[in-house]
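Here are my notes on the model you sent over. Have it open while you read, and click on each residue as it comes up.

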Amino acid sequence: GGGRLAIGCVVTCAPLYVPHLIMRFTADHPGTELRLSEGYHDELFEGLETATLDLALLYDFALPPQLEVHPLAAFPPYALLPESHRLEHVSAIWKH
């Protein structure tokens, strides 16, 4: 064990996933110093490019081609509508 790991996480998923990841990681690697930071995609890309981050947890859009990507989970997007919206009974907004 031992060493340091700098992890960045996009701000919108940090509160949901980081606490569990910290608990698991520190249990599995008790001697490792963990440094966490939150940011937006461009800030995390910069942290990876400048090696101030070892890894980043973010969404899979607009990723620079030079990054090595390892998907952890798939999160499908949803369209949310207010009650009584004219599109509430449409089963698909668009298809690709």
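1. Ground rules. This is a predicted model, so local features need pLDDT of at least 70 and side-chain atom pairs count only at pLDDT 80 or more, while totals for chains, interfaces and linings use all residues. Residues are numbered from 1 along each chain as its sequence is written, and side-chain values use heavy atoms, with hydrogens and water left out.

2. The largest pocket. Its volume is about 1,200 Å³. A pocket here is an open set of points on a 1 Å grid over the protein atoms alone, where a 1.4 Å probe fits, with protein on both sides within 12 Å along at least five of seven lines; lining residues have an atom within 4 Å of a point. The volume is the space filled by probe spheres set on those points, which are joined across faces, edges and corners. There are 34 lining residues, and the closest to the pocket's centre are Ala56, Leu57, Leu58, His70 and Leu72.

3. Who lines the pocket? Two or more residues each come from β1 (4–10), α1 (14–28), β2 (33–39), α2 (41–49) and β3 (55–57). Helix α1 gives the largest share, 9 residues. (Helices, H or I with at least four residues, and strands, E with at least two, are DSSP runs numbered from the N terminus.) By type, the lining splits into 26 nonpolar, 3 polar and 5 charged residues.

4. A greasy-side check. Leu16, Tyr17, Leu21 and Phe75 make a nonpolar surface patch of about 430 Å². Patch members have over 30% relative accessible area and no salt bridge; nonpolar side chains are joined within 5 Å, like charges within 9 Å. Leu16 sits in helix α1 and is exposed, at 62% relative accessible area. (Exposed means over 50%, buried under 20%, partly exposed in between, with a 1.4 Å probe and protein chains only.)

5. Thr32. Look in the loop between α1 and β2. Thr32 is buried, at 15%. Gly2 is 30 residues away in sequence, yet the two C-alphas are 4.2 Å apart.

6. How many salt bridges does a search of the whole structure find? The count is 1: Glu33 with Arg4, at 3.3 Å, N to O. Glu33 is in strand β2 and Arg4 in strand β1, so the pair ties together parts 29 residues apart in sequence. (The cut-off is a Lys or Arg side-chain nitrogen within 4 Å of an Asp or Glu carboxyl oxygen.) Glu33 is partly exposed at 45%, and Arg4 is exposed at 70%.

Technical notes:
Ala, Val, Leu, Ile, Met, Phe, Trp, Tyr, Cys and Pro count as nonpolar, Asp, Glu, Lys and Arg as charged, and the others, Gly among them, as polar. Accessible areas come from the Shrake-Rupley method with a 1.4 Å probe; for residues, only the protein chains shown count as cover.
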